[in-house]
Amino acid sequence: MAPWLTVVGIGEDGFSGLGKPARRALLAASRIFGSPRQLALLPRCIVGERLQWPSPFSLAPVLALQGEAVCVLASGDPMFYGVGASLARQLPAEQMQVLSSPSSCALAAARLGWPLQDVQVLSIVARPLAALNAHLYSGVRLLVLSNDGDSPAQIAALLCERGFGPSRMHLLEHLGGPDERQHSGTAEDWPPRPAAALNLVAIECLAAADTPRLSPAAGLPDGAFRHDGQLTKRDVRAITLARLAPQPGELLWDVGAGSGSIGIEWMRAHPSCRTLAIEADEGRQAFIEHNRDALGVPGLQLVRGKAPDALADLEQPDAIFIGGGVTREGVLPLCWQRLRPGGRLVANAVTLQSELALAHFREQHGGELTRIHVAQAQPLGAFDTWRQALPITLLEVVKPVDA
């Protein structure tokens with residue numbers, strides 16, 4: 001089947017910057033979809049009907065025209081954070097051809113002399129700005145696709161708030177067009193004025209001397225989280241996450257989430273990891289909402305309620321962590337029932353009663369019990385001694401694939 005849909009990547013240089021295949025497709029199209037700015041770049045010789053995207057955005061008008069000669073305009077590379085990627089999820093590859101122009105990130109890397117393979121590319125187009133927090137490490141270079149002209153100043157404010165005020169920022173506007181401009185400075189000295197609506201921000205991350213160093217590895221310092229004491233402590237958290245073994249794209253249930261530390265670090269393991277944090281206490285719910293944004297995973301979903309009732313209609317998970325509530329009637333059985341075959345269940349116990357519940361569960365379903373003892377050196381008069389934290393009993397069990 002010949003492609004009926006052509007997705008054309010168009011740059012700031014407009015129609016004159018397109019290759020012959022893209023020009024031919026636009027000349028032959030009966031309908032052309034795009035933003036007002038993109039449609040305005042087309043010359044009068046393009047006679048196809050020009051259609052703006054509906055608000056709220058929807059691909060339905062394009063998909064309804066299957067069989068006609070249709071073009072869709074996109075900025076730069078349509079398959080890079082673009083509408084081409086969205087259409088590719090809806091249509092077989094043989095029905096669509098994509099004609100790309102250089103992406104804004106490729107142009108920015110060329111202007112700055114940055115090897116693109118060494119740069120982290122992020123988008124805040126219709127996405128929470130807080131997602132940047134997960135990528136702030138000294139020495140890292142970021143290319144950030146802005147949402148609008150206010151984005152650069154908002155990025156600068158976020159960098160300062162997180163202790164990265166000395167970071168070097170480069171604002172690139174209208175890349176590839178006659179109005180292209182570049183402005184550079186530090187986040188702490190960034191002017192508050194808005195930029196052009198079409199812009200990209202490049203960041204050379206540099207933390208201030210007194211900024212706490214957070215690692216992408218599991219086991220963030222306890223002080224990185226707001227909490228009321230209901231927190232899986234750093235060393236136990238690192239062990240717990242190693243047993244949960246997050247994989248790209250997997251969903252975790254964090255049952256009795258407390259401050260959300262396990263679910264947050266699960267999501268920091270890979271950008272496609274997801275978490276449903278189940279918590280009944282309103283104060284702790286507020287901690288979860290603060291911590292998920294501060295640590296760069298605003299996509300974490302908070303489920304307000306108490307297990308097992310709050311679990312009934314949730315999406316089936318790939319892994320479950322139970323940090324509180326193992327003694328509550330129905331929690332362990334329901335979690336085991338809803339867990340995906342091949343999935344991992346990890347539960348921590350502090351009390352004798354909760355440890356007994358895990359031992360009984362292990363008798364029925366197998367798994368491994370581990371006792372974790374952590375002690376820290378603390379002063380005792382003029383000397384130091386070991387102060388033992390409460391021991392933790394950890395259950396890890398994998399659900400059989402044929403269950």
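In this predicted model, strand E8 (residues 168-173) runs antiparallel to strand E10 (residues 199-204), and six bridges join the pair. Within this pairing, Arg168 is placed opposite Glu204 of E10.

An open sheet is built from five strands, which follow one another in the order E6-E7-E10-E8-E9, with mixed pairing. From one strand to the next, the twist averages 20°.

The division of the protein into domains comes next. Domain 1 covers 5-101, domain 2 covers 105-205, and domain 3 covers 222-399. The UniProt record, an unreviewed entry, places the feature "domain: Tetrapyrrole methylase" at residues 5-189. That span is 23% helix and 24% strand, and its end C-alpha atoms are 47 Å apart.

How do domain 1 and domain 2 meet, and how many residues of each are in contact? Five residues of domain 1 touch twelve residues of domain 2. The centres of these two domains, taken over C-alpha atoms, are separated by 27 Å. The size of an interface is often expressed as the accessible area that is lost when the parts come together. Between domain 1 and domain 2, about 600 Å² is buried, with 66% of it on carbon and sulfur atoms. Of the area that domain 1 buries against domain 2, Glu12, Phe80 and Tyr81 supply 84%, more than any other three residues.

How values were computed. Residues are numbered from 1 along each chain as its sequence is written. This is a predicted model: local features need pLDDT of at least 70, side-chain atom pairs count only at pLDDT 80 or more; totals for chains, interfaces and linings use all residues. Side-chain values use heavy atoms; hydrogens and water are left out. UniProt positions are given in the numbering used here, feature names are shortened, and annotations may be inferred rather than shown by experiment. Helices (H or I, at least four residues) and strands (E, at least two) are DSSP runs, numbered from the N terminus. Two strands pair if DSSP finds at least two bridges between them. Axes are lines fitted to C-alpha atoms, for helices over the stretch in contact, and angles run from 0 to 180 degrees between N-to-C directions. Domain bounds come from an automatic or database domain assignment. Contact means heavy atoms within 4.5 Å. Buried area is the accessible area (1.4 Å probe) that two parts lose on being put together, summed over both.
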